[in-house]
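Here are some friendly notes to read alongside the picture. Take the points one at a time, and turn the model as you go.

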Number of protein chains: 2
Amino acid sequence: MDDQDPGLQLVHLLRAVTVELDLFAAEFAGRNGLHPTDVRALIHLLDARRENLRATPGWLGSQLGVNSASTTALVDRLERLGLVRRERDTGDRRRVLLVVRDEAITLGWSFFGPLIDEMVTEMRSFDERELATVRRFLLAMRDIAAARRAHDRDSGGSARQKADQPGERQEDQGN
Amino acid sequence: MDDQDPGLQLVHLLRAVTVELDLFAAEFAGRNGLHPTDVRALIHLLDARRENLRATPGWLGSQLGVNSASTTALVDRLERLGLVRRERDTGDRRRVLLVVRDEAITLGWSFFGPLIDEMVTEMRSFDERELATVRRFLLAMRDIAAARRAHDRDSGGSARQKADQPGERQEDQGN
DNA sequence: CGCAATATCTCGATGGTCGAGATTATTGAC
DNA sequence: GTCAATAATCTCGACCATCGAGATATTGCG
């Protein structure tokens, strides 16, 4: 694996992008009195809403990799900030549904909107075949990372298992 | 900006990749008794070493966006774990050089090595023109994020300025 | 020398995260 | 129906990463 390997250079470049995006999120967090975890939670909640998935504390915790105690505190913060609302699930009353309030959408868009806009605009300079290439690249990188994470979680039981993950991920249950 | 906009889909996909990579790093952290910040620091330190840059606490703190107090504690942790060594700069004795110990390289490679390997291997399925397309994409995304971050830092003085960033970034000073 | 700028570190306070366990609701067996 | 097992969320106490403010040491300028 030569240091001049173009593939390796691209992997490093991908990491540089993630570093930039993390710093961008941290900037957003610090500016609004949120913590990095809150921002990550907000992103997942907005994603869930966009895809019509039901968000619950347990689901959110598993997405973020934090345990139930931290998730409760996290939702408390988001609720106190007026970004989400707790709502008992009428079907399964053990559950709590996390309803994203309009304030959260406004806040998220005010910060990430311009960034996303610029990125989408930049993508217009890519023709269809190039877009397909980028998509293939991103899908491959995402899947490799996800697969290795699942692999390491199983095989690497030497150290502690980190958190109490239900492991269960509920998909869209018909709204 | 339609929800079916292929550019927008790719931006979301890019975010999905960063989420996976962050979770991967968190997994690594939890398994080795490190904190997410420690992992980020380790990555920057290994990068600096690879590029023959001099790492100091101040430089590291500015890279991570944390203040000097946190940086001191961070370096204390890394030193206690035997990953780095503090060494007074003989030229400017206010400075401390952070020397990455072999243990850090071994540790980092043991975890990120296989992931990087798989990614690099996957990149072999891209021909030269496709690699160039991916590179153009990643460079554009990185630069947009960096530019917006700089832009927001200046204009958005409404809230607090977060940390005491020297703003100074020392490049390779001839080793 | 005095003085400002720079680099790092110290201190006390805040609060996010964790493990363990409590609480409430659901499910299935008898 | 009752009981135990499971599940989803929350409470509690402890730990420690991060922060702001300020201390300490060094450099460079005049």
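1. Let us begin with the fold of one chain. Chain A contains 6 helices and 2 strands. Read from the N terminus, these elements come in the order α-α-α-α-β-β-α-α. Helices here are DSSP runs of H or I with at least four residues, strands are runs of E with at least two, and both are numbered from the N terminus.

2. A word on what you are looking at. This is a predicted model, in which local features need pLDDT of at least 70 and side-chain atom pairs count only at pLDDT 80 or more, while totals for chains, interfaces and linings use all residues. Residues are numbered from 1 along each chain as its sequence is written, chains are lettered from A and ligands numbered from 1 in the order in which they are written, and side-chain values use heavy atoms, with hydrogens and water left out.

3. Now for burial and surface. Chain A has 175 residues, and 44% of them count as buried. Buried means under 20% relative accessible area, exposed means over 50%, and partly exposed lies in between, using a 1.4 Å probe and protein chains only.

4. Among the contacts in chain A with a separation of 6 or more, 52% are between residues 24 or more positions apart. A contact means heavy atoms within 4.5 Å.

5. How are the two protein chains related?

6. Have a look at B:Glu130, which sits in helix 6 (residues 128-155) of chain B. Is B:Glu130 buried or exposed? B:Glu130 is buried, as its relative accessible area is 17%. Beyond its neighbours within four places in sequence, B:Glu130 touches A:Thr133, A:Arg136 and B:Ser125. With A:Arg136 there is a polar contact, side chain to side chain, at 3.0 Å. A polar contact is a pair of N or O atoms within 3.5 Å; within protein, one must be able to donate a hydrogen and the other to accept it, and residues adjacent in sequence count only if both atoms are side-chain atoms.

7. Next, find A:Arg85 in strand 1 (residues 84-88) of chain A. A:Arg85 counts as partly exposed, because its relative accessibility is 38%. The C-alpha atoms of A:Arg85 and A:Val99 are 5.0 Å apart, although 14 residues separate the two in sequence. Leaving aside neighbours within four places, the contacts of A:Arg85 include A:Glu79, A:Leu97 and A:Arg101. The side chains of A:Arg85 and A:Glu87 also make a polar contact of 3.0 Å.

8. Turn to DNA strand C, which has 24 residues around it. A residue is near a strand if one of its heavy atoms lies within 4 Å of it. Among the closest are A:Thr37 and B:Arg86. The side chain of B:Arg86 has an N or O atom 2.7 Å from a phosphate oxygen of DNA strand C, whereas a polar side-chain atom of B:Arg94 is 3.0 Å from a base oxygen. Which element gives the most to the surface near DNA strand C? Helix 4 of chain A does, with 4 residues.

9. Finally, compare DNA strand D. Of its atoms within 4 Å of the protein, 70% belong to sugar or phosphate and the rest to bases. B:Arg94 has a polar side-chain atom 3.4 Å from a base oxygen of DNA strand D. The surface near DNA strand D has 6 nonpolar, 9 polar and 9 charged residues. Nonpolar covers Ala, Val, Leu, Ile, Met, Phe, Trp, Tyr, Cys and Pro, charged covers Asp, Glu, Lys and Arg, and the others, Gly among them, count as polar.
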